[in-house]
Amino acid sequence: MTLHRRNAASVRNPLERLASTGTSRRTFLAALAAGGAATALTGCSTSTEGGSGGDGLSFFSWDAQASMQPVLDLWAEQNPDVPIDFSQAPPVAEYIAALQTRVLSGTAADVFMIAAENKTNLIDGKAVADLSGKPYMSGINEFNAATYGRDGKPYGMSVASWGAGIAYNRELLGRVGADTVPETWDEFLALCAELKAAGVAPYIEAVTGPSLVVAGFLGARNQAQGGTMDQKIFDGSSSFEEQWTEPLAQWLRLWDEGYATRDAVGITGEQGREEFAQARAAMTVTGPWDVPTLRSSAPDLDFAIARIPALAGGSTFLAGAAAPGYAVNSKSDKAELADRFLTFLASEEAIRAYHESTASITTTANFEPDVDPALEVVAEGVRAGDIYLPQIAWTRAEDKLNETGGAQAQLLVQGSQSPQGMAAEMDRTLASA
């Protein structure tokens, strides 16, 4: 697929509506942001077992209302006979918990999102319908379909992939003579030291869950092991302690050496993004989900996103994965309407609307997305397959491991846990699952 490039000026105006409400895929991994109350966008049906009542269709998403509104407006225009009862909870932990409660109580929406952190539970629990043979799956990227599949059967329709790296403010880096992020972690930390000495806050990261930086480190390590790292952890021939301790220790240097503040555990991904947007930090970790809001809230910000620097003996990499997929509630009594909705969501018009509202790197065969200049390196890495997310690679207990990883990461940054101790806790979680 060819991804077209466009200049920054052409990006800003269509995305101004996202100035304060853009989707945060940084909180894809980790946000425990407040909110998540149901918001009806069209219609006002009441959820019952297996979905919505009346003639409508219920849809539970972790994409923010502002991101989905253009898509749902397009649906309403084309399908005025089927109102969508939309509800949302922010990712990751809050969405996963809310969906689990609804599935167990029989009140889950007709269509909802299947994610890395809950795919095993949903598939094993037979909560999601098999989408094999559905016409709308024909244009879905094979990697995306496999991500949310089992034994060759797809259970989620993922229409995009994402990659996350280090966003950097060119003007602030220029104050110390740098024009991009270094390729090695030691050089990156040296840059942080130069920025700090020049009176510039080097780096900010909202520690609300497992770090995207660590995911990048682990992705490079997994690649060096021929893609077998997680397989070895889960079959017992290796462990989190063996694989994760050194990457965690290197990430922790950001705080131990004073380049980031320990109150990072108290801020949300949105707050971290705003600090970067207002040039109060030279670098942060993020991906496509933050670009529209940065363009809108800080139109003069000259920034780009680079690959995550390499640890000694490793390679640069990106955190990333197939985006969460649309899944059909297996207990919904509106399977035909749900299929109609997914057919629409996979259409060129809907994919275009979703791409334009989120800056997502969509991967369907029917649409070639534009790429913001800040995302050129990310898009190249996504196309090359240099993306990794632990939660995707885990084969069981994703929710419990993700919860442990998030809590332990916060303790680590606060100085009350060690890298080895955090990794050992991950092993204990896996053993008890």
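**Exercise 1. How many salt bridges does a search of the whole structure find?**

Solution. The search of the whole structure returns 14 salt bridges, each being a side-chain nitrogen of Lys or Arg within 4 Å of a carboxyl oxygen of Asp or Glu. A word on the ground rules: this is a predicted model, where local features need pLDDT of at least 70, side-chain atom pairs count only at pLDDT 80 or more, and totals for chains, interfaces and linings use all residues. Residues are numbered from 1 along each chain as its sequence is written, and side-chain values use heavy atoms, with hydrogens and water left out.

**Exercise 2. Which parts does the salt bridge of aspartate 186 and arginine 253 tie together?**

Solution. 
- Step 1: the two side chains meet at 3.1 Å, N to O.
- Step 2: aspartate 186 lies in helix H8 (residues 185-197) and arginine 253 in helix H11 (residues 240-256), so the bridge ties together parts that are 67 residues apart in sequence.
- Step 3: aspartate 186 has a relative accessible area of 49% and arginine 253 one of 23%; aspartate 186 is partly exposed, and so is arginine 253.
- Step 4: turn to arginine 280 and glutamate 275, whose side chains also form a salt bridge (3.1 Å, N to O). Shared partners join Asp186, Arg253 and Glu257 into one network of salt bridges.
- Step 5: look along H11 itself, where the buried residues include Phe240, Trp244, Leu248 and Trp251. Just after H11, glycine 258 takes a positive phi of about 80°.

**Exercise 3. Is aspartate 339 buried or exposed, and what is it in contact with?**

Solution. 
- Step 1: aspartate 339 is in helix H14, and with a relative accessible area of 18% this residue is buried.
- Step 2: leaving aside neighbours within four places in sequence, aspartate 339 is in contact (heavy atoms within 4.5 Å) with Lys134 and Tyr136.
- Step 3: the C-alpha atoms of aspartate 339 and lysine 134 are separated by 8.1 Å, although the two residues are 205 apart along the chain.

**Exercise 4. How far does the predictor's confidence reach?**

Solution. 
- Step 1: pLDDT, the predictor's confidence in each residue from 0 to 100, has a mean of 88 for the protein, and 88% of the residues reach 70 or more.
- Step 2: over residues 1-51 pLDDT stays under 50, and there the model has 159 contacts beyond four places in sequence.

Note on methods:
Helices (H or I, at least four residues) and strands (E, at least two) are DSSP runs, numbered from the N terminus. Buried means under 20% relative accessible area, exposed over 50%, partly exposed in between (1.4 Å probe, protein chains only).
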